[in-house]
Amino acid sequence: MKKAVLRVSRLTIFAMTAFFLFSGIASAHVTVKPNISAPGSWETYTIKIPVEKEIPTTKVTLKVPEGAEFVSYQPASGWKVITEKDASGKVTTVTWEATGEGLLPGEFQQFYFMAKNPEQEGTLAWDAYQYYKDGSVVEWTGDESSQTPHSVTEISQSAAASDSHSSHHGQQAVTETKKESDKEETENKKTEANGVQTATLIVSILALILSVAAFLKKRK
């Protein structure tokens, strides 16, 4: 009986360990952000690469979705960038390749690039390929329900409306700040004017007193 209980306990611990290990790996996806962007905008995208194995990641290749136009990238220390183009000169893939030991276990790296969104609403699916030092490759090209999903960016006018709303509030804040500044300046000017008037009045009173004193002295 004790052996059976011990065996069940071991199986339970093994199953729980495997579950948490798998959950940790499954959540360590290569992702491209933002999830939503405006049509026709020049968006700054971020690709994040975590290491899901106990060996270094040495290279990541990203396919530029149809409709998006790759513009430029931000250099990253320890990595070189290679682009491939089609016959028309449009960039189709971008590869970040380590010049040193690469991305070590327990680390992650973010790369930044700029792309012009399509003019129409729709979705951009970012297929990515993660290369490890042992030669293995993880293809992040599946749908949302797969274990290796690709990232998707929604191209929507709602993003443009959100940006416009933020811009409106920003402009409103600037206007309110200017009004407060103008009000404060007006009040300061009034205070200064009152001060000048008070000083003038005091000087006038002193002058009058001195004149009266001089007149009385002459009379004596």
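The model is predicted, so local features are given only at pLDDT of at least 70 and side-chain atom pairs only at pLDDT 80 or more, whereas totals for chains, interfaces and linings use all residues. Residues are numbered from 1 along each chain as its sequence is written, and side-chain values use heavy atoms, with hydrogens and water left out.

The chain contains 2 helices and 12 strands, where helices (H or I, at least four residues) and strands (E, at least two) are DSSP runs numbered from the N terminus. In sequence order the pattern is α-β-β-β-β-β-β-β-β-β-β-β-β-α.

**Overall figures**

- Of the 220 residues in the chain, 26% count as buried, a term that stands for under 20% relative accessible area, with exposed meaning over 50% and partly exposed lying in between (1.4 Å probe, protein chains only).
- The accessible surface of the chain comes to about 15100 Å², and 57% of this belongs to carbon and sulfur atoms; the areas come from the Shrake-Rupley method with a 1.4 Å probe, and for residues only the protein chains shown count as cover.
- Among the contacts in the chain with a separation of 6 or more, 68% are accounted for by residues 24 or more positions apart, a contact being heavy atoms within 4.5 Å.

**The sheet of four strands**

- An open sheet is formed by 4 strands in the order S1-S3-S8-S5, with antiparallel pairing; two strands are said to pair if DSSP finds at least two bridges between them.
- Strand S3 (residues 42–50) and strand S8 (residues 108–116) run antiparallel and are joined by 9 bridges; Tyr-45 stands opposite Phe-113 in S8, and Lys-48 stands opposite Gln-110 in S8.
- S1 and S3 also run antiparallel, joined by 3 bridges, and Lys-33 stands opposite Thr-46 in S3.

**The sheet of five strands**

- A open sheet of 5 strands has the order S6-S7-S4-S10-S11, and its pairing is antiparallel.
- S6 and strand S11 (137–140) stand at the edges with a single partner strand each, so one side of each is left without a neighbour in the sheet.
- From one strand to the next, the twist averages 15°.
- Strand S6 (residues 79–85) pairs with strand S7 (residues 91–98) in the antiparallel sense over 7 bridges; Trp-79 stands opposite Ala-98 in S7, while the bridge partner of Glu-84 in S7 is Thr-93.
- The hairpin of S6 and S7 has 5 residues between the strands, and in this hairpin Gly-89 takes a positive phi near 90°.

**Thr-61 in strand S4**

- Thr-61 lies in strand S4 (residues 57–63) and counts as buried at 12% relative accessibility.
- Its side chain makes a polar contact with the side chain of Thr-95 (2.9 Å); a polar contact is a pair of N or O atoms within 3.5 Å, of which, within protein, one must be able to donate a hydrogen and the other to accept it, and residues adjacent in sequence count only if both atoms are side-chain atoms.
- Leaving aside neighbours within four places in sequence, Thr-61 is in contact with Thr-93, Val-94, Thr-95, Asp-127, Ala-128, Tyr-129 and Tyr-131.

**Prolines in the loops**

- The peptide bond from Lys-33 to Pro-34 is cis, with omega near 10°, and Pro-34 is placed in the loop between S1 and strand S2 (36–37).
- Pro-39 lies in the loop between S2 and S3 and counts as buried at 15% relative accessibility.
- Although 78 residues separate Pro-39 and Asn-117 in sequence, the two are 5.7 Å apart in space, C-alpha to C-alpha.
- Not counting residues up to four places away in sequence, Pro-39 touches Pro-118, Glu-119, Gln-120, Glu-121, Ile-155, Ser-156 and Gln-157.

**The salt bridge**

- The count comes to 1 salt bridge, defined as a side-chain nitrogen of Lys or Arg within 4 Å of a carboxyl oxygen of Asp or Glu.
- The side chains of Lys-116 and Glu-119 meet in this salt bridge (2.8 Å, N to O), and Lys-116 is buried, with a relative accessible area of 18%.

Key
Axes are lines fitted to C-alpha atoms, for helices over the stretch in contact, and angles run from 0 to 180 degrees between N-to-C directions.
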